[in-house]
Amino acid sequence: MDPNLRLLENIHPVAAPPFLLTRIRQRIEADITGTAPLAWRWGLGMTFVLVIMLNTVTIYTYTQHKSDRHTPDPYDVFMSHHQLY
Amino acid sequence: MTFEVLYETFKQQVYNLALHYAGNTSDAAEITQDVFVAVYHNLGRFRKDAGAGTWIYRITINKSLDYLKARKRKKRFAFLVSLSDSPEAEIRQTQTTFDHPGVALEQREATAHLFALINKLPDNQRTALILTKIEHKSQAEAADIMNLSPKAVESLVQRAKTFLSQKLNLTEG
């Protein structure tokens with residue numbers, strides 16, 4: 001074995017710092033309080049998609065309806081009534 | 001087995017394994033936290049498996065490799081930022097120095113050089129080398145952790161040793 005690789009065998013185990021468990025608990029707490037459950041996140045996402053879809057459909061049908069009930073321009077009406085023959 | 005029992009039983013192994021991957025205490029502490037947060041969230045899944053040690057070793061290896069990949073990405077980004085002469089980027093680039101408390105002071109420089117080369121190895125070769133040569137696991141234990149055959153582990157270690165010997169001879173010669 002390469003003598004340089006023997007350096008690896010001389011590495012000693014060290015003690016884990018004592019503050020780790022406190023930090024891990026803090027992170028677990030933050031995860032629990034900071035993130036909504038998966039079902040809630042899905043529900044919120046689906047509601048958002050539904051609202052967007054309803055808005056799109058409403059805008060589309062409104063514009064279609066408006067173009068069907070096309071009212072004549074008052075200028076055109078005036079001109080047709082007062083045409084000179 | 002409760003989370004507290006698992007933590008008390010495996011904290012040393014997890015921290016030391018993370019230290020061998022990261023090469024410094026602050027990153028090893030971060031990885032250890034990531035590992036035990038994952039352990040907490042997946043406790044239910046563990047109960048179906050056989051060995052807690054193997055399971056936690058696997059999580060540690062995956063978290064360490066993920067952490068190192070993220071660190072590499074950050075370094076690359078810091079390099080790009082440093083092109084615009086930002087002092088922030090210089091600080092970020094100097095943060096990943098070798099600081100392994102398990103290495104004797106007189107061997108620190110040589111070991112740091114060796115670890116720099118180990119970090120260039122493919123992930124599976126690096127893991128096989130760390131488990132067998134630093135963690136002193138048998139080939140069968142390493143194979144169990146890595147989900148490979150003992151022969152495959154032996155081959156990975158051999159390839160890693162060949163690569164390191166070549167690189168070390170090049171730098172010495």
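Why does the distance between the end C-alpha atoms of α7(B) agree with the span that its 12 residues should have? At 1.5 Å a residue, the 12 residues of α7(B) should span 16 Å, and its end C-alpha atoms are 16 Å apart, which agrees; the expected span of a helix is 1.5 Å times one less than its number of residues. This is a predicted model, in which local features need pLDDT of at least 70, side-chain atom pairs count only at pLDDT 80 or more, and totals for chains, interfaces and linings use all residues. Residues are numbered from 1 along each chain as its sequence is written, while chains are lettered from A and ligands numbered from 1 in the order in which they are written.

**Chain B as a whole**

- Chain B has 9 helices and 0 strands, where helices (H or I, at least four residues) and strands (E, at least two) are DSSP runs, numbered from the N terminus.
- Of the 173 residues in chain B, 30% are buried; a buried residue has 20 or more other C-beta atoms within 10 Å of its own, with C-beta atoms placed from the backbone.

**Helix α7 of chain B**

- Helix α7(B) is mostly covered, with 10 of its 12 residues buried.
- The buried residues of α7(B) include B:Q125, B:R126 and B:L129.
- After α7(B) comes B:H136, whose phi is positive, near 55°.

**The packing of α7 and α8 in chain B**

- The axes of α7 (residues 123–134) and α8 (residues 139–146) of chain B come within 9 Å and cross at roughly 140°; axes are lines fitted to C-alpha atoms, for helices over the stretch in contact, and angles run from 0 to 180 degrees between N-to-C directions.
- The two helices are therefore oblique to each other, since angles under 35 degrees count as roughly parallel, over 145 as roughly antiparallel, 65 to 115 as roughly perpendicular and the rest as oblique.
- From α7(B), the contact is made by B:T127, B:A128, B:L131 and B:T132, and from α8(B) by B:Q139, B:A142, B:I145 and B:M146; two residues are in contact if their C-beta atoms, placed from the backbone, lie within 7 Å.
- These contact residues divide into 5 nonpolar, 3 polar and no charged; Ala, Val, Leu, Ile, Met, Phe, Trp, Tyr, Cys and Pro count as nonpolar, Asp, Glu, Lys and Arg as charged, and the others, Gly among them, as polar.

**The contact between the chains**

- Chain B gives 27 residues to the contact and chain A gives 21 residues.
- Elements that give two or more residues to the side of chain B that touches chain A include α1 (3–22), α7 and α9 (150–172) of chain B.
- That side of chain B has 15 nonpolar, 9 polar and 3 charged residues.
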